[in-house]
Amino acid sequence: MVIIMKLLLFNFLILALLAGCSVGPDFRRPDAPATDTYTATDLPEKTASATGASGNEQRFEIGQEISDQWWTLFHCEALDQLIRRALAQSPTIAATEAALRQAQENWRAEAGTLFPTVDTNASASRQKISGASFGQPGGFGPLTLYNASVNVSYALDIFGGKRRSLEALQAQIDYERFLVEATYLALTSNIVTAAVKEASLREQIRTTQEIIEVQGKGLYLVKRQFEIGSASRPDILAQETQLAQTRSTLPPLERQLYQIRHQLAVLTGAFPAEAKGFPVFDLNGMQLPEELPVSLPSSLVGQRPDIRASEALLHAASARIGVATANLYPQITLTGSYGSESSKLRDIFTSSASIWSIAGGLVQPVFHGGTLTAQRRAAIAAYDQAAAQYQETVLEAFQNVADVLVALDTDARALKTQADAESAAANALQLTQKQFQFGAASYLSLLNAERQYRQTRLGLVQARAARFADTAALFQAMGGGWWKRGDNP
């Protein structure tokens, strides 16, 4: 047993001496992009403002920290509750977290190969041996043979192949961890966007129903005028066509509303039928954040989960080059065993029954038909592919941010224009109402003014919803502040 202990100590000493020796490239994180801006043209310090709800200006705060619970900035308790439920019950998050645990256990399993393997063995056999194999007539036995031993085997990681394999598995853990964060961010963003969409659809449906009611009154009036001869048949057909066209827009809006409700249910880990118990969202129940944190371009690559996940894949590909390179070098294995063997059970632990062995083996690849060198070239090509995919991910991330920033600016201006149009339509309606009271305008003119006002209201609702959706998209594009969360895996 003393011999085995010495063998183990010798192996650990060699491991310590060679711990820093690993062939293949050492991974280095890619440098942050040299660009200092996102868009081709300078954006204003703040967006345009408009009168009415959701018309407040928003300021671009360069370099400001992002809240890890950014959705709370909308100040909608129903939305907060729904997101908390989703984070607790979402099967999508549960699946990515399980994949992370699997990657961690795979790393632990591979880490065990850096240490010697120790196995114990005990056996008992009854046998009869023929003497023919020894050139003797007759045979020996029958006899009983008892055996007890400890076997030690250790493959020296001289050129770091196993350590590079562990490095690749650690990078896989990082990849799965950032996938969890990306899933977390996508889930919260999708819920906010869906809630805003629901609120917008509900307002559009209400406004469309009001327009239908107004147009129905107009049709009734035209028919009465036709009866007394002051309107023609084409006038009736034109009014009926307009009413039918407006009615045809209502079912698609209702369909989208049901689909959004079903989507919210599934996002929170519930069945679509359970959506009837979910809160009802309204744009007036949300506040538009006034401060918009915009991370520096040099910081974005460290904040976006998709970029970090792509970087982890690049790291894994780099480590696999080291694995393929180590396979070209000699592989050394040390083995040892110590035990006892006796024909009598009572003598198995006596000194005369002891057996032991120490052996070392070296395998040097000589000719494998070009397999090993081809595998190394394949690993290098896989690294080049991962590097190109990383660069593509970075470029798409910067495009995403640029698109959102432009949308925030242009949609704010669009809301201002739409608010002005709605205000003008409201003034026109008010003027027509006064004219109608004094007999200076017909009832049909009054109905047309009401219809135009409702139409501008539809555009205003859509413009308001766009600003909420743009704001949520910005927080998502900036990474969502996951690095500030205490429970991130």
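We will visit a pocket, then a cavity, then a pair of helices. Please keep in mind that this is a predicted model.

Start with the largest pocket, which has a volume of about 250 Å³. Its lining is made up of 14 residues, and those nearest the centre are Thr37, Tyr38, Thr39, Leu43 and Ile62. If you sort the lining by class, you will find 8 nonpolar, 3 polar and 3 charged residues.

The structure holds 1 cavity of 30 Å³ or more, and the volume of the largest cavity is about 40 Å³. To find this cavity, look for Val214, Gln215, Gly218, Gln239, Leu444, Leu447, Asn448 and Arg451, which line it.

Finally, have a look at helix α5 (residues 233-248) and helix α6 (residues 250-267). How do these two run relative to each other? Their axes come within 4 Å and cross at roughly 10 degrees. Angles under 35 degrees count as roughly parallel, so α5 and α6 are roughly parallel to each other. On the α5 side, the contact is made by Thr246, Arg247 and Ser248, while α6 brings Leu250, Pro251 and Pro252. Taken by class, this contact has 3 nonpolar, 2 polar and 1 charged residues.

Terms used. Residues are numbered from 1 along each chain as its sequence is written. This is a predicted model: local features need pLDDT of at least 70, side-chain atom pairs count only at pLDDT 80 or more; totals for chains, interfaces and linings use all residues. Side-chain values use heavy atoms; hydrogens and water are left out. On a 1 Å grid over the protein atoms alone, a cavity is a set of points where a 1.4 Å probe fits but cannot get out, and a pocket is an open set with protein on both sides within 12 Å along at least five of seven lines; lining residues have an atom within 4 Å of a point. Grid points are joined across faces, edges and corners, and a volume is the space filled by probe spheres set on the points. Ala, Val, Leu, Ile, Met, Phe, Trp, Tyr, Cys and Pro count as nonpolar, Asp, Glu, Lys and Arg as charged, and the others, Gly among them, as polar. Axes are lines fitted to C-alpha atoms, for helices over the stretch in contact, and angles run from 0 to 180 degrees between N-to-C directions. Angles under 35 degrees count as roughly parallel, over 145 as roughly antiparallel, 65 to 115 as roughly perpendicular and the rest as oblique. Contact means heavy atoms within 4.5 Å.
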